[in-house]
Amino acid sequence: MRPGPGGSEGASTLTTPNGSPVEVRRSARRTRTVAAFWEDGTAVVAIPARFTAAQEREWVHKMLAKLHRQGKRQAAAGRRRPATDEALAAHAAQLSAQYLGGRSVPISVRWVSNQNSRWGSATPAEGTIRLSDKLRPMPQWVIDYVLLHELAHLLVASHNAAFWKLLEAYPETQRAKAFLEGVSFATSRGMDKDAD
């Protein structure tokens, strides 16, 4: 957290629950309103310059909670479902910024119809990511997990401890893995055709 004018020097570094850095920006032009947004993997809280240290603490806490709720709502509602390759690439950039500090920067991200045994794949040497069309009807939080999984592979090729550490920041990792395992199990036994 960078203290602005009147900020508390020597304050410990502030982070979100998932470990992302937080920056407080004080503005003389901002008189009453407070805003919060994501910028390059950092949660930014913009407050009026005149706020006291106590007001700063109160509003940072409120706005980080609001950012967290917005993220959960968007993931649950699936409003961000990327339909085109361009939308998928833009969404990948957003996820990289939010969960990977913007370090994973693919050259291309696209939907493909020729992946029958995998949900997604990445080629680190080329910086490319492909997601299976079979993901399209699934919940957005599942698509986000697969996309983050492949983004993480651009940083760490194997499924080692460093790789899984990158995915710890995403709150739906374990839930999405279980969901995909269930779909794979049902599909392998023809159960997906039985449900009417």
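**Figure 1. A152 is a buried residue in helix α3.** Its relative accessible area is 0%. Buried means under 20% relative accessible area, exposed over 50%, and partly exposed in between (1.4 Å probe, protein chains only). The model is predicted: local features need pLDDT of at least 70, side-chain atom pairs count only at pLDDT 80 or more, and totals for chains, interfaces and linings use all residues. Residues are numbered from 1 along each chain as its sequence is written, and side-chain values use heavy atoms, with hydrogens and water left out. Helix α3 covers residues 140–153. Helices (H or I, at least four residues) and strands (E, at least two) are DSSP runs, numbered from the N terminus. Which residues does A152 contact, leaving aside neighbours within four places in sequence? They are L100, F163, L166 and L167. Contact means heavy atoms within 4.5 Å. S104 is 48 residues from A152 along the chain, yet their C-alpha atoms are separated by 6.9 Å.

**Figure 2. L167 sits in helix α4 (residues 161–167).** L167 counts as buried, at 2% relative accessibility. From C-alpha to C-alpha, L167 and A152 are 7.4 Å apart. In sequence, 15 residues separate them. Not counting residues up to four places away in sequence, L167 touches Y145, L148, H149, A152 and T173.

**Figure 3. Helices α2 and α3 pack at an angle of about 75°.** Helix α2 covers residues 85–99. The two axes are 10 Å apart. Axes are lines fitted to C-alpha atoms, for helices over the stretch in contact, and angles run from 0 to 180 degrees between N-to-C directions. The helices are therefore roughly perpendicular to each other. Angles under 35 degrees count as roughly parallel, over 145 as roughly antiparallel, 65 to 115 as roughly perpendicular and the rest as oblique. On the α2 side, the contact uses L88, H91, A92, L95, S96 and Y99. On the α3 side, it uses Q140, D144, L147, L148 and L151. These residues divide into 7 nonpolar, 3 polar and 1 charged. Ala, Val, Leu, Ile, Met, Phe, Trp, Tyr, Cys and Pro count as nonpolar, Asp, Glu, Lys and Arg as charged, and the others, Gly among them, as polar.

**Figure 4. The structure holds 3 aromatic pairs, one of them formed by W141 and F179.** Why is this pair edge-to-face? The ring centres are 5.6 Å apart and the planes stand at 75°, so the pair is edge-to-face. Rings of Phe, Tyr and Trp (its six-membered ring) pair if their centres lie within 6.5 Å; planes under 30 degrees apart count as stacked, over 60 as edge-to-face and the rest as tilted. W141 is in helix α3, and F179 is in helix α5 (residues 173–188). The pair links distant parts of the chain, 38 residues apart. W141 is buried at 9% relative accessibility, whereas F179 is partly exposed at 30%.

**Figure 5. F163 and W164 form an edge-to-face pair.** Their ring centres are 4.9 Å apart, and their planes lie at 85°. Is F163 buried or exposed? F163 is buried, with 0% relative accessibility. W164 is partly exposed, with a relative accessible area of 28%.

**Figure 6. R175 lies over the face of W141.** R175 is 3.7 Å from the ring centre. In another spot, the charged end of K62 sits over the ring of W59, 4.4 Å from its centre. A charge sits over a ring if NZ of Lys or CZ of Arg is within 6 Å of the ring centre and within 35 degrees of the ring normal.
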